[in-house]
Amino acid sequence: MFSSCLRDPSDIANGYAQIRHGESTHNVQALWSGCTECPLTERGTQQARAVGAYFANTKFTKIYASPLPRARDTAQAVLDAQPTPKPSHDFTIALIREQSFGAAEGHQISIREPGKTLEAHFAEEKYPFLRGERAVREVVLPHVASVARSGRDEHIALVSHGLCIAQVTGAIVRLGGGTWKRKGPMVNTGWVRVEVQIQGGIPVEVGDGEVPPVEVIVTDEGRADHLEGLLDGGPLQGMKAIMGGGVVVEGKNANEAEAIAQTSSRNRV
């Protein structure tokens, strides 16, 4: 359940669920999507409804989403399942949109610009390093400050994309002085839960952009309980399992998506 777990009466928890979008038409073809708009598949729509139902008893304070249709429509399913009155929402957050893959978008995952190294791509800011920090500063920190000032818990959902979730989670963990490395790729509508606990007495005044003393805990990672029984189309294999909704991943297959994620992580540390 996505709820606060207070260790001490003086500690206030601020919870963040980051949810990957449902399976898209590009996912099942193992294509780079990046900023390209591609819709959910029928299975992706089922996944979105399932994750919405899973969180139906979790009263979110606000739901954010990337403006790309695959994330926006997943977020809408989460919003639809929320009790009345519905939480406020903003499905136009460009900072949690998937990063651009340039000329590779719409092509098979093994394709990148000829003769160009991954480092060269990064140097051109096609895979921005600081997106996670910016998203945390502009989207997450206002809620941390609100909790510190009011003493009331807030529960936030951010619906976005696999690489973006890894970046934002790492940036949130760094608020508390820690480090985090994801265990592996997430299936569609898999989710991560991060808890931010305000330390010391509350309420406390914090200025805009300031971070009060916090402890940050990643309580759940890559959860997909809600998908049980939904994969009636049969498990996807290899890269399609990573990018789509399947549960079987062939570990022997090298894949450039994971290489890009690992390289981005090394550059952010």
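Contact is taken here to mean heavy atoms within 4.5 Å. The model is predicted, so that local features require pLDDT of at least 70 and side-chain atom pairs count only at pLDDT 80 or more, while totals for chains, interfaces and linings use all residues. Residues are numbered from 1 along each chain as its sequence is written, and side-chain values use heavy atoms, with hydrogens and water left out.

The protein chain contains 8 helices and 6 strands, where helices (H or I, at least four residues) and strands (E, at least two) are DSSP runs numbered from the N terminus. Along the sequence these elements follow the pattern β-α-α-β-α-β-α-α-β-α-β-β-α-α. Of the 269 residues of the protein chain, 52% count as buried; buried denotes under 20% relative accessible area, exposed over 50%, and partly exposed the range in between (1.4 Å probe, protein chains only). Among contacts between residues at least 6 apart in sequence, 78% join residues at least 24 apart.

Two packed helices are described by the angle between their axes and the distance between the axes. Axes are lines fitted to C-alpha atoms, for helices over the stretch in contact, and angles run from 0 to 180 degrees between N-to-C directions. The axes of helix 5 (residues 131-150) and helix 6 (residues 162-175) come within 8 Å and cross at roughly 70 degrees. Helix 5 is therefore roughly perpendicular to helix 6, given that angles under 35 degrees count as roughly parallel, over 145 as roughly antiparallel, 65 to 115 as roughly perpendicular and the rest as oblique. The crossing of helix 5 and helix 6 is right-handed; a crossing is left-handed if the near helix is turned anticlockwise from the far one by less than a right angle, and right-handed if clockwise.

On the helix 5 side, Arg-131, Gly-132, Glu-133, Ala-135, Val-136, Val-140 and Leu-141 meet Leu-163, Cys-164, Gln-167, Val-168, Ala-171, Ile-172, Arg-174 and Leu-175 of helix 6. By class, this contact of helix 5 with helix 6 has 10 nonpolar, 2 polar and 3 charged residues. In this classification Ala, Val, Leu, Ile, Met, Phe, Trp, Tyr, Cys and Pro count as nonpolar, Asp, Glu, Lys and Arg as charged, and the others, Gly among them, as polar.

Cys-164, in helix 6, counts as buried because its relative accessibility is 0%. Leaving aside neighbours within four places in sequence, Cys-164 is in contact with Leu-95, Ile-96, Glu-98 and Arg-131. Cys-164 and Leu-95 are 69 residues apart in sequence, and their C-alpha atoms are 8.9 Å apart. Glu-138, in helix 5, is partly exposed, with a relative accessible area of 45%. The C-alpha atoms of Glu-138 and Ile-93, 45 residues apart along the chain, are separated by 9.9 Å.

Ala-48, Arg-49, Val-51, Gly-52 and Ala-53 in helix 2 meet Thr-74, Ala-77, Val-78 and Ala-81 in helix 3. The contact of helix 2 with helix 3 comprises 6 nonpolar, 2 polar and 1 charged residues. Buried residues of helix 2 include Ala-48, Val-51 and Gly-52, and those of helix 3 include Thr-74, Ala-77 and Val-78.
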